[in-house]
Amino acid sequence: MSQAYGIVAVSAAVLATLVIGSLGLRVSRTTSDFYVASRTVPPYLNAMAVSGEYLSAASFLGIAGLVAAEGVQMLWFPVGYAAGYLVLLAFVAAPLRRSGAYTLPDFADSRLESTAARRVAGVLVVGWLYLLPQLQGAGLTLGLVTGAPHWLGGVLVAVVVTLAVAAGGMRGITFVQAFQYCLKLTALLVPAVFLLLAWHGDPRPASAVEEPPTFRRHTEVTVDSTVRLRIGTPLRAAATGAVDGRGYDGGPLVLEPGVHEIRAGTTLRFPPRTPVPERVSGDGPADGAAGWAAPLSGGEEEHPLYATYGLICATFLGTMGLPHVLVRFYTNPDGRAARRTTVIVLALVGGFYLLPPLYGLLGRLYAPDLLLTGDTDAAVLVLPERLIGGTAGDLLGALIAAGACAAFLSTASGLILSVAGVLSQDVLPSLGVRRFRLATLLAVAVPGTVSVAAGQLPVASAVGLAFAVAASSFCPLLMLGIWWRGLTPPGAIAGLLAGGGGALTAVTLTIAGPPARGWAHSLLAWPAVWSVPLGFLTMILVSLATRNRVPAGTEAAMARLHLPERPAGRSLSTTRRGVTTP
């Protein structure tokens, strides 16, 4: 894609975000406007905003990259992301809205009458953990479409979102996120039509599921970091650089079956119909490439069934623990509107998730060099150029770049808004619009700094880890807090620390710790299988052991959560023709 088209597309998305967000200045005047839009957002608009902030970099880029690289097992990501709203609809949406809280720490305080529980709920950094891959993905997109350094994309998103959130608060961001959902859906749907037409015109359209995939034309690949490649059959290519410690200067190269090391900066040139070598991290037996289209075939997991259950637990239960999603239900007028919002979100999100797997399939067929370099998150961005080319390919690529930019901006804005709400109420000394704007700066400073300092993270995998922490901490708190009268403050605190702390430790070791193998790797990379039950079990057992600490206002709190609200404008009873009706 031409860099000029990419710069124009990204600039347009950024400008639209700032313009729409600035409109919030006209209508956001009170603290309630900034936190929850005065609880007046109608279901259809709120559903579009929820969908806009929920469909993040992992949805727009990461799912396609995982499907291309690791196979159909990765379809559990979109299934889990969408199905999480079924759990939210059935158990959480309406009671959470009736709670009258602003944030999750607010809910913990009002339900448990405990300042300590509020503080522990506020300490968990799910929002920051989820924000980090958004800023990293922004760097990838901006670098690919404009040639800018990767760190600049994260900084740009942080600055733009900070301005939009600080200007309009929740009311302004609601309109921004609704617009960005429409942009993201259009950015994938319109190019998908043309890509399918181009695929249909291919003489061999079914070769996408061939194992291993092959280069369809003369392909030149430059690796940015040292990689290890597994070769199944003798492979002929040309090389410039170092292979297995031997230097080459454009001469022929024959790689025998086995594992070979390609040094950083080496360029390989492959003739047509050459099988794509498998990128590996060790010398173990082949595990992912031979069964891309088979279940339980994804990646290099030694325990694929356990990894699948870990993914299902994290995505199905993690949605209800994401602070930027939950805070939007506080903006509905009542619990009934919250349920309607969730139903509409299911339709909007489910429709969107039909598209990324298609891009992953086409990426495996027409951009197999990304499998070699490991940059599969870029598959969505490069496909228009690979399949269509010319001005039409540039225009479609620019549209996708604008949609990717909207994905980072919308999710980042929701996350920063939710984190700023917690900081302004539980960290800064007083409430008010000025404190909210200061909290916005603090909310973006930490993940922005880490994004610049950290290396590149696989977008969808990093988001999956954030889901695991959310599922292990806030999911038990909400489910037991809403549906069990016996929950006590010590039980809630112990469960948050055990489940959330255990998952957070596993995530930290997975991202920053030494490489692990076998069960140690699986347990740390997919912690939800053990950390979610640990959170629930700890809350229940400690609450049973501290029955005398059940809050005095539990019955009133449960009634508030579960009794339907009185319709606006009606008194407790109205009399008509001598008949009293509720």
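Trainee: Why is serine 413 called buried?

Mentor: Serine 413 has a relative accessible area of 2%, and buried means under 20%, with exposed over 50% and partly exposed in between (1.4 Å probe, protein chains only), so the residue is called buried. This is a predicted model, in which local features need pLDDT of at least 70 and side-chain atom pairs pLDDT 80 or more, while totals for chains, interfaces and linings use all residues. Residues are numbered from 1 along each chain as its sequence is written, and side-chain values use heavy atoms, leaving out hydrogens and water.

Trainee: What does serine 413 touch, not counting residues up to four places away in sequence?

Mentor: Taking contact as heavy atoms within 4.5 Å, serine 413 touches Val161, Val165, Ile173 and Gln177. Serine 413 itself lies in helix α18, residues 390–426, where helices are DSSP runs of H or I with at least four residues, strands are runs of E with at least two, and both are numbered from the N terminus.

Trainee: Which residues touch the most other members of the largest nonpolar core?

Mentor: A nonpolar core is a set of buried Ala, Val, Leu, Ile, Met, Phe, Trp, Tyr and Cys residues joined through side-chain atoms within 4.5 Å; in the largest, of 140 residues, they are Tyr54, Phe60, Tyr81, Val92, Tyr353 and Tyr359. The largest share of this core, 17 residues, comes from α18. A second, separate core has 19 residues, including Leu229 and Tyr248.

Trainee: What is valine 92 in contact with, leaving aside neighbours within four places in sequence?

Mentor: Valine 92 is in contact with Val87, Met320, Leu326, Leu478, Met479 and Ile482.
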